[in-house]
Amino acid sequence: MSIINSKIKPFATQAYRNGQFVSVSDSDLKGKWSVFFFYPADFTFVCPTELGDMADLYPEFQKLGVEVYSVSTDTHFTHKAWHDASDTIKKIKYFMLGDPTGAITRNFDVMIEEAGLALRGTFLVNPEGEIKVAEIHDLGIGRDASELLRKVKAAQYVASHPGEVCPAKWQEGAETLKPSLDLVGKI
């Protein structure tokens, strides 16, 4: 069964954000667009490049009403220590969720059981709690936050314009498609 259009499962955890430990649960997501950005571990190599890239574009996600939740199987204490030790991670203003039991990671089906770590999984959740984008990478392949931002814009456009779809490489303001019998075979 595909994870696309499935509802996120209930969760509750501790996070590090802006110098504080905060509680985060699935109820905090209701009525908002959310990105879950899973990564293997703090104090690693590809992870800070991805998290830093996301930090650079976080204001753009916020302009779209999207909250970002990075998730690893580390604790919220480890997230704070990494934040304090790394100039790249210091830029992060979004939530850094601790998932030491792996429950959230398993809920999104990105747990590497034998390692106790997450794959690089990216999920866009709509305000109704349904997963609209799911992308999973192997550990050595980094992601691009600008491509995720494009996908968020496309998902939000499709959600607010029933009957329209966004073609490949669609950018905000570009032409969309209206599937119909007349369009079949014309693309």
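Q: Hey, where does N18 sit in this one?
A: In this predicted model, N18 is in the loop between β1 and β2, the latter being residues 20-25.

Q: And what's phi doing at N18?
A: Phi of N18 is near 50°, which is a positive value in a residue other than glycine. Most residues other than glycine have a negative phi.

Q: Is N18 buried, exposed or partly exposed?
A: N18 counts as partly exposed, because its relative accessibility is 44%.

Q: Which residue besides that has a positive phi without being glycine?
A: N5 is one, with phi near 70°. N5 lies in the segment before β1, and that strand covers 12-17. N5 has a relative accessible area of 45%, so it is partly exposed.

Q: Switching to rings. How many aromatic pairs turn up in the whole structure?
A: A search of the whole structure gives 14 aromatic pairs.

Q: What's the geometry of Y69 and F95?
A: Y69 and F95 are stacked, with 5.1 Å centre to centre and 25° between the planes. The cut-off for stacked is under 30 degrees.

Q: Which strands does that pair link?
A: Y69 is in strand β4 (residues 66-72) and F95 is in strand β5 (residues 95-98), so the pair ties together parts that are 26 residues apart in sequence.

Q: Are those two buried or exposed?
A: Y69 and F95 are both buried.

Q: What about Y157 and W170, how are their rings arranged?
A: That pair is tilted, because the planes of Y157 and W170 are at 45°, with the ring centres 5.5 Å apart. Y157 belongs to helix α5 (residues 145-160) and W170 to the segment after α5, so the pair ties together parts 13 residues apart in sequence. W170 is also buried, at a relative accessible area of 3%.

Q: Back to Y69 and F95: which residues form an aromatic cluster with them?
A: The cluster consists of F11, F36, F38, Y69, F95, F108 and F123.

Q: Nice. What lies over the face of F95?
A: R17 does, at 4.2 Å from the ring centre.

Q: And what sits over the ring of F37?
A: The charged end of R143, 3.8 Å from the centre of the F37 ring.

Q: Where is F37, and is it buried or exposed?
A: F37 is part of strand β3, residues 33-38. F37 is buried, with a relative accessible area of 4%. Between F37 and A15 there are 13 Å in space, C-alpha to C-alpha, and the two are 22 residues apart in sequence.

Q: On to helices. Which residues are buried in α2?
A: In helix α2 (residues 76-85), the buried ones include H76, H79, W82 and H83. They cover an arc of only 115° around the axis, so they are on the same side of α2.

Q: Why would residues spaced like that point the same way?
A: An α-helix has 3.6 residues a turn, so residues three or four places apart point the same way.

Q: And what's on the face turned away from the buried side of α2?
A: That face carries the exposed residues F77 and A85.

Q: How about A55, which helix is it in?
A: A55 lies in helix α1, residues 46-63. A55 is buried, with a relative accessible area of 11%.

Q: How far is A55 from Y94?
A: Their C-alpha atoms are separated by 7.4 Å, and A55 and Y94 are 39 residues apart along the chain.

Q: What about E147 and E164, how far apart are they?
A: Those two are 17 residues apart along the chain, and 20 Å separates the C-alpha atoms of E147 and E164. E147 lies in helix α5. E147 counts as partly exposed, at 31% relative accessibility.

Q: Last topic, pockets. What's the volume of the largest pocket?
A: The largest pocket has a volume of about 170 Å³.

Q: How many residues line it, and which lie nearest its centre?
A: The largest pocket is lined by 13 residues, and I3, S6, N107, F108 and D109 lie nearest its centre. The elements giving two or more residues to that lining are α4 (103-107) and β9 (131-137).

Q: How does the lining divide between nonpolar, polar and charged?
A: The lining of the largest pocket has six nonpolar, three polar and four charged residues.

Key. Residues numbered from 1 in each chain as written. Predicted model: local features only at pLDDT ≥ 70, side-chain atom pairs only at ≥ 80, totals over all residues. Heavy atoms only, no water. 1 Å grid on protein atoms, 1.4 Å probe; cavity = no way out; pocket = protein on both sides within 12 Å on 5 of 7 lines; lining within 4 Å. Points joined across faces, edges and corners; volume = space filled by probe spheres on them. Helix = DSSP H or I, 4+ residues; strand = E, 2+ residues; numbered from the N terminus. Nonpolar A, V, L, I, M, F, W, Y, C, P; charged D, E, K, R; others polar. Phe/Tyr/Trp six-rings, centres within 6.5 Å; stacked < 30°, edge-to-face > 60°. Buried < 20%, exposed > 50% of the residue type's maximum accessible area, 1.4 Å probe, protein only. Lys NZ or Arg CZ within 6 Å of the ring centre and 35° of its normal. Arc of directions from axis to C-beta.
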